[in-house]
2 protein chains.
Amino acid sequence: MKLSDIYQPVQEDLASVEAELKLVSQVENPWLSELLEYSLKGGGKRIRPILTLLSARSYNYDIDTLMPMAMAVELMHLATLVHDDTIDNSAVRWGRPTINKLWGTEQAVLLGDYLFAQAGELVAKTDNLAVIKLLPHTLMIITSGEIAQSRSAFNLEQTREHYLHRIASKTAALFILATESGAILSDAPKEGVRIMIDYGRNLGIAFQIVDDILDFIGTEEEMGKPVGSDLSQGTLTLPAMLLLERYPGEDNPVKQLFQARGGSQYVSQAIEQARNSPIIEECFRVAAGYCDHACQRLDRLPDTEARRSLYELADFIINRRV
Amino acid sequence: MKLSDIYQPVQEDLASVEAELKLVSQVENPWLSELLEYSLKGGGKRIRPILTLLSARSYNYDIDTLMPMAMAVELMHLATLVHDDTIDNSAVRWGRPTINKLWGTEQAVLLGDYLFAQAGELVAKTDNLAVIKLLPHTLMIITSGEIAQSRSAFNLEQTREHYLHRIASKTAALFILATESGAILSDAPKEGVRIMIDYGRNLGIAFQIVDDILDFIGTEEEMGKPVGSDLSQGTLTLPAMLLLERYPGEDNPVKQLFQARGGSQYVSQAIEQARNSPIIEECFRVAAGYCDHACQRLDRLPDTEARRSLYELADFIINRRV
């Protein structure tokens, strides 16, 4: 199933979100405008705004309130990517040079700051104190998770709990922001809000696990960035953890990579070994488990087209290759 | 006059702000906690929270609402400094190593993001939509100004208007946030809010001009950072502009520095030339003009101790050497 089929119930409004996002680059400062334009026309799938709109669709759906929120979750996402790429010194994202590669660290840090602020300004437009409070709270969780990730680089002493905590912070928190805000802004009953929070959290965790799998099995062309990026940066993801568990010898390539704090030959070996083992399938099973969990209570939502889309989105996330 | 004498009308509450700021570092993530603790015990003068409290003191002063706001303006300030130092690759601030120097770019970018978010969370606690909207708006202005500054580095074709626009964005915007929020949160009448906005803007501009002067006439010991930092980074400030105007020959050190895009001998020459000319005094006169302008309409505020402090603060800002 294609993503565009899935978001069909909110297709028109998503197009409006896209159009409004383009307008964000229309600012007086020509340098800032250039940076914004480039970063807004990247290859994002807009999954987070889709989630906000779909989460609201079963209730009191008011696009005027939802529009700034849907834009804000996407801008938050873009801001974190711009800062991540800068921090990781990444040269390529979505098959094109990153902001930091083209304009340098300075511009990338400032652009990220601007995008965070723009997200804040948009959320404030909802005039809804509950969702206004969610935004900074989410950013605090994300940055705290990123700090934990960077301080754990090349550390072999990490448990699966550490991993889950990290991806819940760095990825699922923003998915929760997307779904929870959609539910709140459409006056969903308390149970509906709770269900959408759970959906966002579990979907976000599944999404990140699949991302981490794709870093092993994807191609650079599909992903628009180099394969093995996580390993190269010393980030211990689920496939790497399972490799360590299953092949505990001293010649384990992940172990060697982490002990040497680098070495592209180990990265290639680890990818090769994972691809030729049942580990990848096992990781997909773990991700699928989170998707199942995400959908577990969706049957308590009103039976709408949008609800069907939420089920389909969980399927899409497991089967995606980009 | 000492700063502590000036903020006497809000002294106790400022001590509470300070105590509450310390608590910001009490987070679960030990690495984040370490970064926060270090950055919060820096040598800041806390002028922005002082402004928030003093701006409210003449009206309906409620410390419970003002406390999160006063903390937020300081955290915003700290966040911009952490990112600025990272961008500029500065090694020293307040006479001690910077965050980026001690922990690297990655941690510094993430800490700055966290501080912005923490400021947002605090402002949201005021439950006041008007001030909530001011925060992201201010950050957008600041980053836009910083982008303009970095893109204008080593550019000799800048007018005094460019300079004023830049410092209004990068410095005065945060002073306005401090004063305007204090006025709004204390239910100041519309005219009172306008007066405090004007005060903040003009005081902020004066503050930055003095900062730019100190970069020429201060000592490293007083400032806690190297002399001539602005020139080294190619930032054209008022003293440098006046040097260019007064000594238009090809051997003007600022001209040579900017054309060569560096050269510490030119930095020393420019500082020497400015110190031995009437330029510094002229810059102080410009700054004093903004301070006068800041105070111009203060007589329309209620005649309180706090109003006297606002006058004194303007004096302090002109006469400060740190």
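1. Interface between the chains. In this predicted model, 35 residues of chain A are in contact with 35 residues of chain B. On the side of chain A that touches chain B, the elements contributing two or more residues are helix H3 (30-40), helix H5 (63-88), helix H6 (99-124) and helix H7 (129-151) of chain A. The most is given by H7(A), with 15 residues. By class, the residues on that side of chain A divide into 17 nonpolar, 11 polar and seven charged.

2. Overall form of chain A. Chain A has 16 helices and two strands. Its radius of gyration is 20 Å, close to the 20 Å that the globule rule gives for 322 residues, so chain A is as compact as a globular protein of that length. The C-alpha trace of chain A spans about 60 × 50 × 30 Å along its principal axes. Of the 322 residues of chain A, 53% count as buried. Considering contacts in chain A between residues at least 6 apart in sequence, 72% join residues at least 24 apart.

3. An enclosed helix in chain A. How many of the residues of helix H4 (residues 47-57) of chain A are buried? The count is 11 of the 11, so this helix is largely enclosed by the rest of the structure. Charged side chains deserve attention here, since the buried set of H4(A) has A:Arg48 and A:Arg57 among its members. Also buried in H4(A) are, among others, A:Ile47, A:Pro49, A:Ile50, A:Leu51 and A:Thr52. The buried residues of H4(A) pack against helix H2 (11-23), H5, helix H8 (160-185), H9 and H16 of chain A.

4. Packing of H9 and H16 in chain A. Two of the partners of H4(A), namely H9 and H16 of chain A, also pack against each other. The axes of helix H9 (residues 190-217) and helix H16 (residues 305-319) of chain A come within 9 Å and cross at roughly 20°. With angles under 35 degrees counted as roughly parallel, this makes H9(A) roughly parallel to H16(A). H9(A) passes H16(A) in a left-handed crossing. From H9(A), the residues A:Tyr199, A:Leu203, A:Ala206, A:Phe207 and A:Val210 meet A:Leu310, A:Ala314, A:Ile317 and A:Ile318 in H16(A). The contact of H9(A) with H16(A) has nine nonpolar, no polar and no charged residues.

5. Packing of H6 and H7 in chain B. At what angle do helix H6 (residues 99-124) and helix H7 (residues 129-151) of chain B pack? The angle is about 160°, and their axes are 9 Å apart. That makes H6(B) roughly antiparallel to H7(B), because angles over 145 degrees count as roughly antiparallel. The crossing of H6(B) and H7(B) is right-handed. On the H6(B) side the contact is made by B:Phe116, B:Ala119, B:Gly120, B:Val123 and B:Ala124, and on the H7(B) side by B:Val131, B:Ile132, B:Leu135 and B:Leu139. The residues of the contact of H6(B) with H7(B) divide into eight nonpolar, one polar and no charged.

6. B:Leu242 is placed in helix H12 (residues 238-246) of chain B. Is B:Leu242 buried or exposed? With 20 other C-beta atoms within 10 Å, B:Leu242 is buried, because the criterion for a buried residue is 20 or more. Leaving aside its neighbours within four places in sequence, B:Leu242 is in contact with B:Ile279, B:Glu282 and B:Cys283. B:Leu242 and B:Glu282 are 40 residues apart along the chain, and their C-alpha atoms are separated by 8.9 Å.

7. Backbone at two loop residues of chain A. A:Asn89 lies in the loop between H5 and strand E1 (92-93) of chain A. Its phi is positive, about 60°, although A:Asn89 is not a glycine. A:Asn89 is partly exposed, with 13 other C-beta atoms within 10 Å. A:Asp187 has its place in the loop between H8 and H9 of chain A. The phi of A:Asp187 is positive at about 55°, although A:Asp187 is not a glycine. A:Asp187 is partly exposed, with 13 other C-beta atoms within 10 Å.

How values were computed. Residues numbered from 1 in each chain as written. Chains lettered and ligands numbered in written order. Predicted model: local features only at pLDDT ≥ 70, side-chain atom pairs only at ≥ 80, totals over all residues. Helix = DSSP H or I, 4+ residues; strand = E, 2+ residues; numbered from the N terminus. Rg over C-alpha atoms; globule rule 2.2 N^0.38 Å. Buried ≥ 20, exposed ≤ 12 C-beta atoms within 10 Å, placed from the backbone. Contact = placed C-beta atoms within 7 Å. Axes fitted to C-alpha atoms, helices over the stretch in contact; angles between N-to-C directions. Parallel < 35°, antiparallel > 145°, perpendicular 65-115°, else oblique. Left-handed = near helix turned anticlockwise from the far one by under 90°.
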